[in-house]
Amino acid sequence: MVRIALLTVSDRAARGDYEDLSGPAIAAWLGKAVTSPYELLTQVVADGVDNVGGELVRLCDEERVDLILTTGGTGPSPRDLTPEAMKVVLEKELPGFGELMRRISLETVPTAILSRQTAGTRGTTLIVNLPGKPASIAVCLDAVFPAIPYCLDLIGAGRIDTDPVVCPAFRPA
């Protein structure tokens, strides 16, 4: 069974100042799109290179998850350090994910150019940074998720199948 981790990066959500809405938005999208069985792990951590990087390493190396979807910490504010944590953790960066998310988001939000999402691999785990706003999550997942099942195949992770009506995954013949 595929293991997927949702990592919300937010000082305020980690402190309990407000409810995490981004993680549940990702979970809801996955519930509609993914048809193969999967186990979902969720975690909320405070911003910061050490917090985020440490949790990413734990999820990859100890929990052995196949896919990590992060949300938050990708903007330009001083505490937005998810991309910096990713640089420490990743073995291979896959910048096309961030490029596509910014391009598709620019169609509706001019501030998408401020986003610093990226993606990459560590061992047999794919890590993808998503925006922190729940409304942007589906837009970005709709754009990049068609490539995720094949990417997981290529890195030796578990297999994910999708509902082609919701998310037509691409796998070459």
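A crossing of two helices is called left-handed if the near helix is turned anticlockwise from the far one by less than a right angle, and right-handed if clockwise. By that rule, H2 and H6 cross in a right-handed way. This is a predicted model, in which local features need pLDDT of at least 70 and side-chain atom pairs count only at pLDDT 80 or more, while totals for chains, interfaces and linings use all residues. Residues are numbered from 1 along each chain as its sequence is written, and side-chain values use heavy atoms, with hydrogens and water left out. Helices (H or I, at least four residues) and strands (E, at least two) are DSSP runs, numbered from the N terminus.

**Helix H2 against helix H6**

- The axes of H2 (residues 22–33) and H6 (residues 134–144) come within 9 Å and cross at roughly 35°; axes here are lines fitted to C-alpha atoms, for helices over the stretch in contact, and angles run from 0 to 180 degrees between N-to-C directions.
- On the H2 side, the contact (heavy atoms within 4.5 Å) is made by Ser 22, Ala 25, Ile 26 and Trp 29.
- H6 contributes Pro 134, Ile 137, Ala 138, Leu 141 and Asp 142 to this contact.
- By class, the residues of the contact of H2 with H6 are seven nonpolar, one polar and one charged; Ala, Val, Leu, Ile, Met, Phe, Trp, Tyr, Cys and Pro count as nonpolar, Asp, Glu, Lys and Arg as charged, and the others, Gly among them, as polar.

**Helix H5 against helix H6**

- H6 also meets H5 (residues 96–106), with axes that come within 9 Å and cross at roughly 125°.
- That angle makes H5 oblique to H6, because angles under 35 degrees count as roughly parallel, over 145 as roughly antiparallel, 65 to 115 as roughly perpendicular and the rest as oblique.
- The crossing of H5 and H6 is right-handed.
- Phe 97, Leu 100, Met 101, Ile 104 and Ser 105 of H5 meet Val 139, Cys 140, Ala 143 and Val 144 of H6.
- The contact of H5 with H6 holds eight nonpolar residues, one polar and no charged ones.

- The axes of H3 and H4 (residues 82–89) come within 8 Å and cross at roughly 45°, which makes H3 oblique to H4.
- H3 and H4 cross in a right-handed way.
- From H3, Val 49, Val 52, Gly 53, Leu 56 and Val 57 meet Thr 82, Glu 84, Ala 85, Met 86, Val 88 and Val 89 in H4.
- The contact of H3 with H4 has eight nonpolar, two polar and one charged residues.
- Gly 53, in helix H3, is buried at a relative accessible area of 9%; buried means under 20% relative accessible area, exposed over 50%, and partly exposed in between (1.4 Å probe, protein chains only).
- Leaving aside neighbours within four places in sequence, Gly 53 is in contact with Gly 48, Ala 85 and Val 89.
- The C-alpha atoms of Gly 53 and Val 89 are separated by 6.2 Å, although the two are 36 residues apart along the chain.

**Salt bridges**

- Side chains of opposite charge can pair when their charged atoms come close.
- The structure holds twelve salt bridges, each a side-chain nitrogen of Lys or Arg within 4 Å of a carboxyl oxygen of Asp or Glu.
- Arg 58 pairs with Glu 55, with the closest N and O atoms 2.6 Å apart; both lie in helix H3 (residues 49–62), three residues apart, about one turn of the helix.
- Within that pair, Arg 58 is partly exposed at 26% relative accessibility, whereas Glu 55 is buried at 10%.
- Arg 122 forms a salt bridge with Asp 61, the closest N and O atoms being 2.8 Å apart.
- This pair links distant parts of the chain, with Arg 122 in strand E5 (residues 119–122) and Asp 61 in helix H3, 61 residues apart.
- Arg 122 is buried at 18% relative accessibility, while Asp 61 is partly exposed at 35%.

**A positive phi at Arg 64**

- Most residues other than glycine have a negative phi.
- Arg 64 has a positive phi of about 55° although it is not a glycine.
- Arg 64 lies in the loop between H3 and strand E3 (67–71), and counts as exposed at 53% relative accessibility.
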